[in-house]
Amino acid sequence: MNPFFNIDPQIETAAAKAQTLCRDQFSEIEAITEYNQFKVQHAFVEHGISDTHFATSTGYGYGDRGRETLDKVWAQVFGAEDALVRHNFVCGTHTLTVALFGVLRPGDAMLCVTGTPYDTIHGVIGISGSGMGSLKDFGVRYSEVPLRNDKPDLPAIEAAVQDDTTMVYIQRSRGYELRPSLTVEEIGEIVRTVKAKNPNVIVMVDNCYGEFVQRQEPTEVGADLIAGSLIKNAGGGIATTGGYIAGRHDLVEKCAYRLTTPGLGKEVGATLGMNRELYMGLFYAPHTVGEALKSAVFIAALFARFGYDTTPRYNAVRGDIVQSLGLENEESLVAFCQGIQSGSPIDSYLLPEPWDMPGYDSKVVMAAGAFTLGSSIELSADAPIREPFYAWIQGGLNYHSAKLCVMLAAQKMLEKGLLKNHE
C-alpha cells in the first residue's frame with residue numbers, strides 16, 4: 001500500500017483502523033497545541049523578540065540581551081517569576097542536580113512524594129553510590145512516600161510533611177515505572193496538601209516529558225520550582241542541548257549561583273551563538289509535543305489491536321509524552337526497538353542490542369535514530385531487559401514519520417514470528 005517500505009498489508013490495515021480510532025484524541029491534542037502555541041507566541045510578541053536577540057556573546061557574556069530576554073519569555077510562558085535557560089546544562093539530570101544543590105543545604109530534608117525517582121537521579125540524591133558528592137554526602141536527608149494504587153497518597157504525604165521538611169519533590173513522568181504520569185491537576189492537589197501542612201516547604205517538580213502536554217504547567221498551580229531538558233519537549237526538536245529551571249525568583253537565583261558562582265549567577269555565561277535555536281526551539285515546542293502525543297496515542301491504539309498491554313490506553317488523559325508497551329519477553333522488546341531504528345532518519349542501518357548503559361541497574365536496549373544525540377522528543381524507544389518486559393516510547397518530530405517507525409516495529413516482530421493477533 002506504500003511504494004517505499006515493505007510492510008505487510010495486515011499491519012497497514014490495522015494501522016488505518018487504529019488511526020481512525022484515535023480521531024477524537026487527535027482533535028483534543030490539536031486544541032491543546034493551538035492554545036499553547038498562542039501562549040508562546042504571545043510571550044514573543046510581548047517581549048518584542050527580534051533578530052538582535054540572536055546575537056552571539058563570548059567570554060563572560062556580560063549584557064547578553066538575548067539570554068536575559070529568553071529567561072523572561074520562558075518565565076512568562078511557564079507562569080513563573082523567573083527562569084534560567086542555558087545551553088550548558090548537559091542533560092535533564094544535570095539540570096535537576098543544579099536545582100537541588102542550588103536550593104538545598106546541609107541538614108535540610110528532601111521528601112519525594114511520588115515513590116522512588118528515576119534511575120539516573122539516584123546517585124544525585126545518594127540512594128545509590130557513596131563518596132560521589134551526592135546530596136547525602138553533603139548532609140541532606142532524604143525520604144519518600146510510596147504511591148498507592150499508582151497514585152500519590154495524599155493522606156500519607158500530609159503525614160510525612162513535617163516542620164523541618166525543606167523540599168517536597170515530585171516526578172511528573174513515570175520513568176521506568178508503569179504508574180500513570182501526573183497531570184497538572186494532580187500536581188496541584190499535592191501542592192495544596194503540602195502547603196496546608198507546612199507553607200514554607202519548597203515544592204519542586206521534575207517536569208521532564210510534561211511540558212506543553214496540557215494547557216498549564218506545574219508553576220501555574222503552585223509549584224515553586226520546575227526543571228527539564230531542552231532535548232525533550234521544551235526544545236521543540238530544535239535545541240541541540242540545554243535545560244531550564246523556572247519558578248520563584250529567589251530560588252532561581254540560588255540555582256544560578258550554583259550553575260555559575262555565588263554573586264555572579266545569571267549575569268554571566270556566553271551564549272556562543274546558541275540563542276537563535278533556543279528561541280526557535282521554544283517556538284516549535286507546542287507543535288512538536290502535539291505530534292509526539294499523537295504518535296503515542298497511535299502506538300497505544302495499534303498495539304492494543306495486536307493484543308498487548310498499553311499504558312496509558314489510547315483514550316486516556318495524559319500527563320506526559322511517554323507510552324509504555326508490554327511486549328512480554330526479551331525477544332519482542334529487542335525486535336520492536338530494532339524495527340523502530342530501521343525507519344529512523346538517522347542511523348537506520350544500526351541494529352540495537354542490549355548493553356550496560358551508565359546509570360541503570362540492568363541492561364538496556366535503545367532505539368534512537370535522532371538528529372540530536374540522546375534527544376527524546378525525537379522518536380526513541382528503550383527498555384530495561386527485566387520483567388515485566390515493557391518498552392518505553394517517547395517523541396516523534398512529526399506524526400507521520402513516527403507512525404512509519406511504529407509500523408516497521410510491528411513488521412520486524414512479524415518477521416520474527418513474535419507479533420500477536422496480526423491476522
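**Notebook: cavity and sheet**

I searched the whole structure, which is a predicted model, and found 1 cavity of 30 Å³ or more. I noted a volume of about 40 Å³ for this largest cavity.

I then looked up the residues around the cavity. The lining consists of Arg67, Leu70, Val85, Arg86, His87, Thr271, Asn275 and Leu278. I recorded that helix H3 (65–77), strand E1 and helix H9 (275–305) each give two or more residues to this lining.

I read an open sheet of 7 strands with mixed pairing, in the order E1-E7-E6-E5-E4-E2-E3. From one strand to the next, I noted an average twist of 15°.

Strand E2 (residues 109–112) runs parallel to E3, and 4 bridges join them. I found that Cys112 has Glu144 in E3 as its bridge partner.

Finally, I checked which helices pack on the sheet. Helix H4 (residues 92–103) touches E2, strand E4 (167–171), strand E5 (202–206), strand E6 (225–229) and strand E7 (243–247). The direction of H4 makes about 155° with that of E6. I also recorded helix H7 (residues 184–197), which lies across E4 and E5 and runs at about 160° to E5.

Definitions and conventions
Residues are numbered from 1 along each chain as its sequence is written. This is a predicted model: local features need pLDDT of at least 70, side-chain atom pairs count only at pLDDT 80 or more; totals for chains, interfaces and linings use all residues. Side-chain values use heavy atoms; hydrogens and water are left out. Two strands pair if DSSP finds at least two bridges between them. Axes are lines fitted to C-alpha atoms, for helices over the stretch in contact, and angles run from 0 to 180 degrees between N-to-C directions. Contact means heavy atoms within 4.5 Å. On a 1 Å grid over the protein atoms alone, a cavity is a set of points where a 1.4 Å probe fits but cannot get out, and a pocket is an open set with protein on both sides within 12 Å along at least five of seven lines; lining residues have an atom within 4 Å of a point. Grid points are joined across faces, edges and corners, and a volume is the space filled by probe spheres set on the points.
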